[in-house]
Amino acid sequence: MERRHFLRYALVAALPAPLLGCGNRHARADRTLQLPQVLSQLTDEATVRRIGKAYRAQVPTEANQETLTDRLLEGSPAALVIRSFGKSMLGPLLDHKIRRDFKEGRIVVLEGWLLSQTEARQCALYSLVTV
Amino acid sequence: MHIDARTLETHSLIEGDLCIIGAGAAGISLALEWQNTPHRVILLEGGGFEVEAAMQELYRGNTTGQRYYPLQSSRLHYFGGTTGHWAGFCSTFDPIDFQRRDWVPNSGWPIGREALDPYYARAHPLLDLGPYEYDLRYWLDKDPSLTPLPFDEQMVTHKIWQFSPPTRFGTKYRDAIVNAKNIQLYTYANVTRLDTDEQGRHIRQVTVKNLAGKEHTVRARYFVLAGCAIQNARLLLASNHQVPNGLGNDYDKVGRYFMEHLEVTSADLFLTTPASNQLYLWQYFVTRMRAELAIPEQKQKELKILNGTVSLWPKTEDKQPPAMIDTFPDSGEATVRKWELREQNYKKGDPPKAALPRYNMFSLFTRMEQAPNPASRVTLDREQDALGMPRATLHWELTPLEKRSIRTLYDLIGQQAGLAGLGRVRLVDWLRDKQDTSWPETLGAGWHHMGTTRMHQSPKEGVVDANCRVHGIPNLFVAGSSCFPTGGAANPTLTLVALTLRLSDHLKQLLNPPTRTTA
């Protein structure tokens, strides 16, 4: 199995049950992945959904849960870390990714908000799973 | 000495060494420099000591292009000039503002910032400003409670502002001018034309009129136009009796390159942790210093943007404040009353609180340089005012560079806010689409009229030389922001006063040539 696919399947096993529509056992991990922490502090969930919808319109190739999950965890050994150290590591991993986006200029403007690409993808995922 | 020109017998002749046309910040600063000198100074003011509708009416004009404020209320036509509704904002121009920037067409001054430094320091007491210090570290050392936002200084830096009380020149300097033995202040003395010799190379006299129907003549060795950017250009263009294109206008430059500062709410900053951000705040009549966010020179060069700053205004609810341009009064008297009322309310109000409230939302307000643009210009209208002078028409025209610069400014601030974990920035509607070069009707400006008699070493490119002398007319000078080739990010008052003091030194050299000693 390719490493990339292995990681994705490992992650699916580790956390996305509610993403697939069942139970709330992994709700916290899901919410961490779907809802950008800083943005959700600053605005309401309806705005997060609007931003997510705008991102999906802007980047239609990513407009599905699988691709967005892939992209959100791309480049980080998230699943392995989560398996080894627990789901609480997901937040810091995403924070790190968001800061790296800002540092390296991966910034998108959605509904006027200047956001890291990672946050934009989180919003997009949120807009898909909370419709 | 003060003389009301309405009381003189008509066709009086007034004579002196130096004639200053206009008694605003530039004209009064210049006149004060000549107190107690052996020279006879004539200071001509079109209005009186109080703002009056009839005088403001003489400033009425047309505007075309980008929506602009009414001309009859954006400048004040009385002793003290527009300092009568000035908010007191002062800062120096940055070294980059004087440089030729290859991405800013028509940029570059024939003098550098170092030429103005000593005059900035001299201008400070005239404007009742604090120490001549514009370094953030100086102010942080002075008040350790002030905390700058944790931004990378290579990306987003700070520009320091100082605030005049604000000094109303008409009130503060009236006695000094009126009591100066060698200064003759004439009120209700509107200069309607400049007369030259037959070649149009020497000003012989100027004609003064008023609404009482009196007309006088003023003769002097040197003349200084110290109206404002619109009125200086208007007078040069209207003085077309001997030279059809007007004076100083051999190369069609008079009136061109009119510039403003684009002032507009452009974004919001949402903080994860509420803060007072006291370093950035301004309260009318209270604050004497604050910082604004700015882009360092190196970054401006790299990104090829104009100079601009961003101020922070606390918000308690998520809605946009009304646009300045929608709330600006049509009448000059109303603008003065508005400020007087603010001052009265401040004096009646509670003393400012020591501990400021904390906010998690701030409006981000832009002050952006306008690129010098020959199409942005003042011309003469067919309609004449009550004194028979053609009214001014202002065509205010912006370029895509200003908008790209504003957007880039916020891209950087948004990036820094995200990187620092401070919060997020949200742009206003009209700034969201990078490809859109249009401007909203609500775009404001700072009532900062600049350009129109720009400084350049070549008469083909500018109206005045590095000493503010009109090219080709050795005894005619211009004082004020109409000489600015570029407008920088800072409000013009401090710089125009500094430039006027420099002009004064130059005029003193002309009127007091060094005595030659013979061996």
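The model is predicted: local features need pLDDT of at least 70, side-chain atom pairs count only at pLDDT 80 or more, and totals for chains, interfaces and linings use all residues. Residues are numbered from 1 along each chain as its sequence is written, and chains are lettered from A in the order in which they are written.

**Helix α12 of chain B**

- Helices (H or I, at least four residues) and strands (E, at least two) are DSSP runs, numbered from the N terminus.
- Helix α12 of chain B has 17 residues (332-348) and should span 24 Å at 1.5 Å a residue, the expected span being 1.5 Å times one less than the number of residues; the end C-alpha atoms are 25 Å apart, which agrees.
- The buried residues of α12(B) are G332(B), T335(B) and V336(B), where buried means that 20 or more other C-beta atoms, placed from the backbone, lie within 10 Å of a residue's own, and exposed means 12 or fewer.
- Seen down the axis of α12(B), the buried residues fall within an arc of 100°, so they line one face of the helix; the arc is that of the directions from the helix axis to the C-beta atoms.
- The face turned away from the buried side carries the exposed residues L341(B), Q344(B), N345(B) and K348(B).

**Contact between chains A and B**

- In chain A, 14 residues are in contact with 14 residues of chain B, contact meaning C-beta atoms, placed from the backbone, within 7 Å.
- Elements giving two or more residues to this side of chain A are α3 (37-42), α7 (90-104), β1 (107-110) and β2 (113-116).

**Annotated region of chain B**

- An unreviewed UniProt entry annotates residues 372-499 of chain B as "domain: Glucose-methanol-choline oxidoreductase C-terminal"; such annotations may be inferred rather than shown by experiment.
- Over residues 372-499, chain B is 21% helix and 20% strand.

Definitions and conventions
Contact = placed C-beta atoms within 7 Å.
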